[in-house]
Each structure stands twice: as structure tokens, then as C-alpha cells.
Amino acid sequence: MGNVLLKIKEIRDKLTNKELKIADYIERNLEEVKNLNTYEMGNRCDVSQASIVRFSKKLGYSGFPEFKIALSSDIGRQEMENSISIIHEEIKVDDTSEDTGKKVAYENIKAIEDTCKLIDYKELEKAVELLDKAKRIFILGGGFSGIAGRDFQYKLLELGKMAIFESDPHIQYSNFSTIEKEDVVFVISQGGKSLDIFNILQEPKRRGVKIISLTKFSPNPVREIGDIKLSTVAEKNNFRSTALSSRIAQLTVIDMIYVKLIQRNKTLAEKFIGDALEMVKDMKMQ
């Protein structure tokens, strides 16, 4: 079902004024909310019952009852986490190497854990099935997302898949001149607002090619264009603008897909990976 409080945090900048009222009330009254109905919730937030239902659906739940079940699970998990003493502060320029190392490690671990809470595993299964059957897989990703894209290409090639990755937008446009319905596009864009990526996606969309998007959970143009939507947590702007933990989160989702593809094609995977290991064996020092 995902993590309610984490989802609220991820989409807070996209909420309307009414939705912000609901979000604020929930965060301040966790125990009370799980025992309320939509009428009672509406009165406390000074919004309509329909607003409560729409808010629940915006977070990916079928309605307020399912939302409350997920929230109850959240509360139990939060109580357990609060019992564990973790000292965490934002990275500072005068931190020692040890403090910086611990904080970076913590952020990376947190990004992986939060991504595991956010990701829709039904969507993940759909993505794996689509990739498994694809004739060719076109991978898009610019900047630091391109690092994850290149990693994904190597993993797919290991499994004998026809995977195409190119970071140059002009070549990406050229590649899509031959794209067909049997192909799949896998696009990685953390913020989901890259104009180049968004424009390039219009051609496969026009041709009816399925698109899998891997972006932050919060609504964004690249995410919305995807037929299958996979999510990671948003990068915190606490020290530098370039991606740190977000890259780890992207690679984690890619590894999930890679392992699921191996599970679906165990014999084939063993053959290709085994052949690759055998080929490089003689290049290793004993």
C-alpha cells in the first residue's frame, strides 16, 4: 500500500489549499484520524467529504477506508522507528570525514528504504513483463539519471536483451525514427521536468509505444506520460544540487527489475551471465 506520511511529504508542493488543510491535520492527529469517517474528517478540516475522498485517491488509495488502513500501518512502523536512536543532521561544510561519511551513508540507506515503501510493486510486475516481451528497449536518461540508464543497459545486455541507450538528444531523436509498437521505452528522470526528455517522448507516444517512467513520486510531466509509473523518493536539497541518494534509489529499482527478469528467465540468464564471466576470467589476475 505504500507509506502514507512519506507520500504526503513527496507531493506536498502539489497540494491545493484544501488538501494542505487535510495533510496538516493528519500529520498533527495521527491516532485520531484512523478512527474518523469522511464526515467527521471533513468537519475537522473544514472541507467536504468529497475532498477527503479525492485526497485519499490522490495518494493512490481506492478511498478513505483503505487510506486509514495504510495510515494505521504507518503509525505502528513510526513508533518502532522512534524507539531506535538515530542521530542525523544535515551535512555541513565543516563536518569531519567520519561525520560526513556517516551522514552520506544514512541518506543513501534512507533513500533505499523510502523507495521500497513508495514503489507500487504491481506496477513493477507490469514493467518486468513488458520489458521481458519487448523486441527492443530504448532507455532515456540525462545528467545523473543517465548514469542509472547506462547501468540498466549493461544489465539488460547481460540478459541478451536488445537495449539501446544514448545520452545525446539528437541521437535519441534519430533512434526513435525506427521505433515500433513491439518496442518499449524506459525513461529515467528524477525530477521529471527535463524538457529535452519530455519532447523526445512525444514520438514513441504518438506511435503507440509503451513507456515506463522512473521518476519521483510527486506528479511531474515525465511521470504522467508513462503507461507504467515507477517511483523513487525526491532528492533533499540540503547540501548540493547534484544527485546523491536519488541515484542510489534509481539503481535500487533497476536492480529489482534486473533480478525479476532473471527469475523469469533463469536458464537464459545463467547462460548469458555465465558466458560473460567466462570471457573475462582470463583478464583477471590470479
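Glu-203 and Arg-206 are joined by a salt bridge whose closest N and O atoms are 2.7 Å apart. The two residues lie 3 positions from each other in helix α12 (residues 202-206), a separation of about one helical turn. The model is predicted, and the salt bridges in it come to a count of 22.

**The Glu-203 and Arg-206 pair**

- Glu-203 is partly exposed, with a relative accessibility of 23%.
- Arg-206, its partner in the salt bridge, is exposed, and its relative accessible area is 60%.
- Elsewhere, Arg-12, Asp-24 and Glu-27 belong to one network, joined by salt bridges that share partners.

**Other salt bridges**

- Asp-114 pairs with Lys-117 through their side chains, at an N to O distance of 3.9 Å.
- Both residues belong to helix α7 (residues 97-118), where 3 residues, or about one turn of the helix, separate Asp-114 from Lys-117.
- Asp-114 counts as buried at 7% relative accessibility.
- Lys-117 has a relative accessible area of 19% and is likewise buried, because the cut-off for this class is under 20%.
- A further salt bridge links Glu-31 to Lys-34, with 3.0 Å between the closest N and O atoms.
- Lys-34 is partly exposed, at a relative accessible area of 27%.
- Glu-31 is also partly exposed, with 40% relative accessibility.
- As a general point, side chains of opposite charge can pair when their charged atoms come close.

**Overall architecture and surface**

- The chain contains 15 helices and 5 strands.
- It has 286 residues, of which 43% count as buried.
- Among contacts in the chain with a separation of 6 or more, 71% are between residues 24 or more positions apart.

**Confidence of the prediction**

- The average pLDDT of the chain is 85, and 85% of the residues score at least 70.
- In the stretch of residues 82-88, the pLDDT is below 50.
- Beyond near neighbours in sequence, residues 82-88 have 4 contacts in the model.
- Where pLDDT is low, the predicted coordinates should not be read in detail.

Note on methods: Residues numbered from 1 in each chain as written. Predicted model: local features only at pLDDT ≥ 70, side-chain atom pairs only at ≥ 80, totals over all residues. Heavy atoms only, no water. pLDDT = per-residue confidence, 0-100. Contact = heavy atoms within 4.5 Å. Helix = DSSP H or I, 4+ residues; strand = E, 2+ residues; numbered from the N terminus. Buried < 20%, exposed > 50% of the residue type's maximum accessible area, 1.4 Å probe, protein only. Salt bridge = Lys/Arg side-chain N within 4 Å of Asp/Glu carboxyl O.
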